[in-house]
Amino acid sequence: NYLWVHPGTDKLYYPTRDDRVVVIDTKTDRILRIIRLHAGSRPAGVDFGGPNDEVWVNGDGDGSVTVIDPTTDEVITVIHPRISGIGRIAVSPDGRLVAATQGPEVSLIDTRTKEILASLRISPDDTGHGFPLFSPDSNTLHVMNEYTDDMVTFDMRTMMQVGDRTPIGGAVFGGGIRLLER
């Protein structure tokens, strides 16, 4: 999700990849704020959730995850996973977890405490550009890997991989995929 409209405020959050997030009023198309992130973060994706429906931004530069208050548009905290690398971010539908990929791993973050609960391997080698996607019930995390053209699935109750890697085919690029409950 390279840019996204916050469901509670109708503000559009656009990570510019040059250490800024531009906040736009979708009713007037005016720039409300430019949030400067730390140097080297290179924000690339955004999602919303958690106890206060925060804005979660992943950084392609250093793998960081920046949490922003949607009311004030101030940075609440910056989370630094153990490795850096490009990736994307997703908040579980129940708002409990954030999945942030960094190269060959996905960090699972508790939205309440803002702490990393687990770092799970998404790539059989050191390559990776993962696109995380939670199931509608939040019990399963699917991560597509652009470089290995496959998907790995994790059970969120055990934080363990489920089954074998699923081949998807060439050019996996899942930045805008959403699963909807029917």
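Guide: Let us begin with accessibility: a residue is called buried under 20% relative accessible area, exposed over 50%, and partly exposed in between. The model shown is a predicted one. Arginine 96, with a relative accessibility of 44%, therefore counts as partly exposed.

Visitor: With which residue does arginine 96 form a salt bridge?

Guide: The general idea is that side chains of opposite charge can pair when their charged atoms come close. Here the partner of arginine 96 is aspartate 94, and the closest N and O atoms are 3.0 Å apart. Aspartate 94 is partly exposed as well, at 39% relative accessibility.

Visitor: How many salt bridges does the structure hold?

Guide: There are 10 salt bridges. One of them joins the side chains of aspartate 18 and arginine 20, with an N to O distance of 3.0 Å. Aspartate 18 has a relative accessibility of 40% and so counts as partly exposed. Another joins arginine 88 to aspartate 60, where the closest N and O atoms are 3.2 Å apart.

Visitor: Which parts of the chain does the pair of arginine 88 and aspartate 60 tie together?

Guide: Arginine 88 belongs to the loop between strands S8 (75-79) and S9 (89-91), while aspartate 60 belongs to the loop between strands S6 (54-59) and S7 (65-68); the pair therefore ties together parts that are 28 residues apart in sequence.

Visitor: Are arginine 88 and aspartate 60 buried or exposed?

Guide: Arginine 88 counts as buried, at 5% relative accessibility. Aspartate 60 is likewise buried, at 4%. Both also belong to a network of salt bridges that links Arg17, Asp60 and Arg88.

Visitor: Where is arginine 17 found, and what is its phi value?

Guide: Arginine 17 is located in the loop between S2 and strand S3 (20-25). Its phi is positive, about 70 degrees, although the residue is not a glycine. At 37% relative accessibility, arginine 17 counts as partly exposed. A second case is aspartate 10, another non-glycine residue with a positive phi, near 60 degrees. Aspartate 10 sits in the loop between S1 and strand S2 (11-15), and its relative accessibility of 33% makes it partly exposed.

Visitor: Let us turn to sheets. What is the order of the strands in the open sheet of 4 strands?

Guide: In general, strands of a sheet pair through backbone hydrogen bonds, either parallel or antiparallel. In this open sheet the order is S1-S2-S3-S4, and the pairing is antiparallel. Its edge strands are S1 and S4 (30-36), each of which pairs on one side only. Between S3 and S4 the antiparallel pairing extends over 6 bridges. Within the sheet, aspartate 25 stands opposite arginine 30 in S4.

Visitor: What does leucine 141 touch, beyond residues up to four places away in sequence?

Guide: With those residues not counted, leucine 141 touches Ala99, Val106, Leu108, Pro132, Leu133, Phe134, Val152, Thr153, Phe154 and Met156.

Visitor: Where is alanine 100 placed, and with which residues is it in contact?

Guide: Alanine 100 lies in strand S10 (residues 97-102) and counts as buried, at 0% relative accessibility. Leaving aside neighbours within four places in sequence, alanine 100 is in contact with Val65, Arg88, Ile89, Glu105, Val106 and Ser107. The C-alpha atoms of alanine 100 and aspartate 25 are separated by 26 Å, and the two residues are 75 residues apart along the chain.

Visitor: Finally, which residues make the nonpolar surface patch?

Guide: Tyr2, Leu3 and Tyr14 make this patch, which covers about 260 Å². Tyrosine 2 lies in the segment before strand S1 (4-5) and is partly exposed, with a relative accessible area of 31%.

Methods. Residues are numbered from 1 along each chain as its sequence is written. This is a predicted model: local features need pLDDT of at least 70, side-chain atom pairs count only at pLDDT 80 or more; totals for chains, interfaces and linings use all residues. Side-chain values use heavy atoms; hydrogens and water are left out. Patches are made of residues with over 30% relative accessible area and no salt bridge: like charges are joined within 9 Å, nonpolar side chains (Val, Leu, Ile, Met, Phe, Trp, Tyr) within 5 Å. Accessible areas come from the Shrake-Rupley method with a 1.4 Å probe; for residues, only the protein chains shown count as cover. A salt bridge is a side-chain nitrogen of Lys or Arg within 4 Å of a carboxyl oxygen of Asp or Glu. Helices (H or I, at least four residues) and strands (E, at least two) are DSSP runs, numbered from the N terminus. Buried means under 20% relative accessible area, exposed over 50%, partly exposed in between (1.4 Å probe, protein chains only). Contact means heavy atoms within 4.5 Å. Two strands pair if DSSP finds at least two bridges between them.
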